[in-house]
Amino acid sequence: MKRTARWLALLVAVVLLASACDDRGSVGGGNGEPTRGVKRGTLRVLNVTDVESLDPAIAYAATDFALLRGLVRELYSFDSRVEGERSLQPVPDLADGPYQLSADGRTYTFKIRKGVRYSLPARRDVRAEDFIYAIERQFDPRQPSPNPYSRLISGVDDFAAGKAKTISGMRALDRYTLQITLDQPANDFPSILTLPFFSPVPEDQASGYRPGLDYSEHLIASGPYRLRQYKPGRRIELVRNESWNPRNDPLRAAWVDKILVDIGRSEADIQQGIESGEADLNLDPIPPPVADLQRLSGDPKLAKQLAIETTGCVHYLTMQMDDGPTRKLAVRQAVNYAIDRRAVVLAIGGAYAGEPASTILSPTLAGYSAFDLYPSQDGTGDPDKARELLAKAGYPDGVDLTYTGQSSQAWKDLYEALRVSLARAGIRLKPTFYKGTQVYGSSLRLRSKRKEHHLGAARWCPDVPGNGSRSFIGVLLDGRYLTPSSSNNFGRYNNDKVNAMIDQAYGTPDDRARTALWGQIDRKLMEDAAWAPLVYDREAFFWSSRVRNWTFTPWLSNPDITNLWLDPNTP
């Protein structure tokens with residue numbers, strides 16, 4: 001799958017507790033030395049921002065996923081304790097062993113683990129019917145789910161349109177047997193099932209709460225922790241789920257007793273708190289301040305508490321296909337040649353923040369390979385080649401392009417690096433800036449604003465690593481999902497040949513053949529200059545000296561809080 005392993009932290013094999021009451025269990029330490037996992041204690045988390053949601057139907061951000069890892073379980077999930085290719089493979093979680101797949105590749109049958117009980121007040125086992133209700137409630141008109149994958153399931157469109165009272169492609173054959181039928185074969189479906197969207201929800205408990213904030217405050221847990229309190233914008237507190245049994249959870253050791261998240265702290269406060277021992281780590285995508293990174297990496301003691309990980313996320317420029325000069329291939333190619341990607345990387349934090357990107361697929365996705373169709377010396381851009389292409393396109397004196405991006409200092413710094421390097425080739429930018437992620441809903445997604453973003457600065461992360469290219473290319477560049485008004489395909493790219501290749505990749509069961517197909521699609525997209533990739537993102541993580549077995553996983557773009565422990569474990 002992935003051809004490099006730069007993003008992998010040193011992982012370990014963990015032996016689960018034989019009993020929930022044991023204080024200690026044998027575990028391999030992160031430095032390769034034998035040690036022992038320590039139960040109990042409170043993991044103290046400081047975050048700048050709140051979660052988007054703790055309702056698994058709505059949650060779609062890295063912080064949400066990091067906390068939901070401890071609150072809910074899925075049919076299939078991931079094992080953060082293994083290394084290499086195995087770490088990219090989805091494995092059974094609530095499924096009691098491997099699924100059965102029909103000959104046509106469309107129907108999955110899962111046996112549900114018996115004895116997995118919800119937190120109070122549910123007081124009962126997880127059942128097959130709960131997975132069906134979890135999808136049905138995502139179409140509540142009061143707050144529809146952002147889940148882009150439920151429509152893979154047969155009958156979901158009719159249910160969503162009110163043409164059917166049930167989802168025909170989801171059936172509870174008995175209390176512990178679930179059958180899911182898809183419209184078309186999807187070899188990545190087991191990976192998709194690892195997302196919290198597909199975690200079970202008991203209708204008898206959840207139906208009394210509105211989706212979103214209401215259910216976030218009353219979440220019924222199936223994982224090792226339950227929600228004691230959620231004060232939006234202030235605090236989240238997770239405590240042990242008394243109903244959780246480690247014997248039927250093969251993926252989570254749940255060493256700590258409690259997880260406290262304090263919200264609204266500054267970057268400087270977080271760094272000071274972790275270094276002083278007031279806190280243990282943070283879970284929102286806020287690395288240590290750039291000014292501190294060199295000091296931390298140069299200190300022999302503190303460097304052991306620091307990791308730089310390739311997250312799988314990518315900064316990129318989308319280019320408008322149905323308006324302005326970027327309709328011409330030569331202009332889009334000129335933009336790719338002109339950009340000084342080294343300067344862009346330096347503008348957002350240097351090597352700690354990422355490395356120059358030249359492909360659509362990121363290094364954590366199957367099909368990624370390192371190629372560059374628009375090469376330049378040391379990635380600094382080739383303005384002469386760009387001017388040549390602009391002249392060929394009918395712009396011998398250069399060209400004016402609109403640009404849309406975020407207004408934060410980091411994104412303004414990125415813009416300035418782009419402006420300077422593009423200006424060398426005669427490409428002049430007319431910018432519009434939006435506060436934070438408002439840039440997506442207020443401009444980039446909207447066809448009505450296409451004249452505003454011939455170039456649009458964006459960032460995207462795969463929903464799953466490994467066989468997760470659907471969540472990149474499928475969501476962002478499959479032209480069949482374009483609508484008259486709004487789309488995540490910001491530049492409105494549409495190529496029938498690429499669309500057909502995408503379908504072929506979805507239906508190819510052989511790993512090597514499928515990986516090769518995604519690589520071919522990536523190359524075709526870059527031949528069309530659908531994007532100007534900018535940076536393969538890295539993120540710096542720092543944790544307190546008492547945190548043990550800190551393990552990054554690209555499934556969360558965060559550490560797995562269910563498999564780390566504290567030593568000393570007080571408070």
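User: Are Tyr440 and Phe490 buried or exposed?

Analyst: The model is predicted, so local features need pLDDT of at least 70 and side-chain atom pairs count only at pLDDT 80 or more, while totals for chains, interfaces and linings use all residues. Residues are numbered from 1 along each chain as its sequence is written, and side-chain values use heavy atoms, with hydrogens and water left out. The scale of relative accessible area calls a residue buried under 20%, exposed over 50% and partly exposed in between (1.4 Å probe, protein chains only). By that scale, Tyr440 and Phe490 are both buried.

User: Where is Ser80, and what is the length of the polar contact between its side chain and that of Asp560?

Analyst: Ser80 lies in the loop between strand 4 (76–77) and strand 5 (91–92); strands (E, at least two residues) and helices (H or I, at least four) are DSSP runs numbered from the N terminus. A polar contact is a pair of N or O atoms within 3.5 Å; within protein, one must be able to donate a hydrogen and the other to accept it, and residues adjacent in sequence count only if both atoms are side-chain atoms. The side chain of Ser80 has such a contact with that of Asn563 at 3.2 Å. With the side chain of Asp560, the polar contact is 2.7 Å.

User: Why does Ser80 count as buried?

Analyst: The limit for a buried residue has been given above. Ser80 counts as buried because its relative accessibility is 5%.

User: How many aromatic pairs are there, and why is the pair of Tyr76 and Tyr99 tilted?

Analyst: Rings of Phe, Tyr and Trp (its six-membered ring) pair if their centres lie within 6.5 Å; planes under 30 degrees apart count as stacked, over 60 as edge-to-face and the rest as tilted. By this rule there are 24 aromatic pairs. The rings of Tyr76 and Tyr99 have centres 5.5 Å apart and planes at 50°, so this pair is tilted.

User: Which residues of the largest nonpolar core touch the most other members?

Analyst: A nonpolar core is a set of buried Ala, Val, Leu, Ile, Met, Phe, Trp, Tyr and Cys residues joined through side-chain atoms within 4.5 Å. The largest one has 146 residues. Those touching the most other members are Leu67, Ile236, Ile259, Leu317 and Val335.

User: How many residues are in the second, separate core?

Analyst: Among the members of this second core are Ile270, Ile274, Leu296 and Leu306. The number of residues in this separate core is 10.
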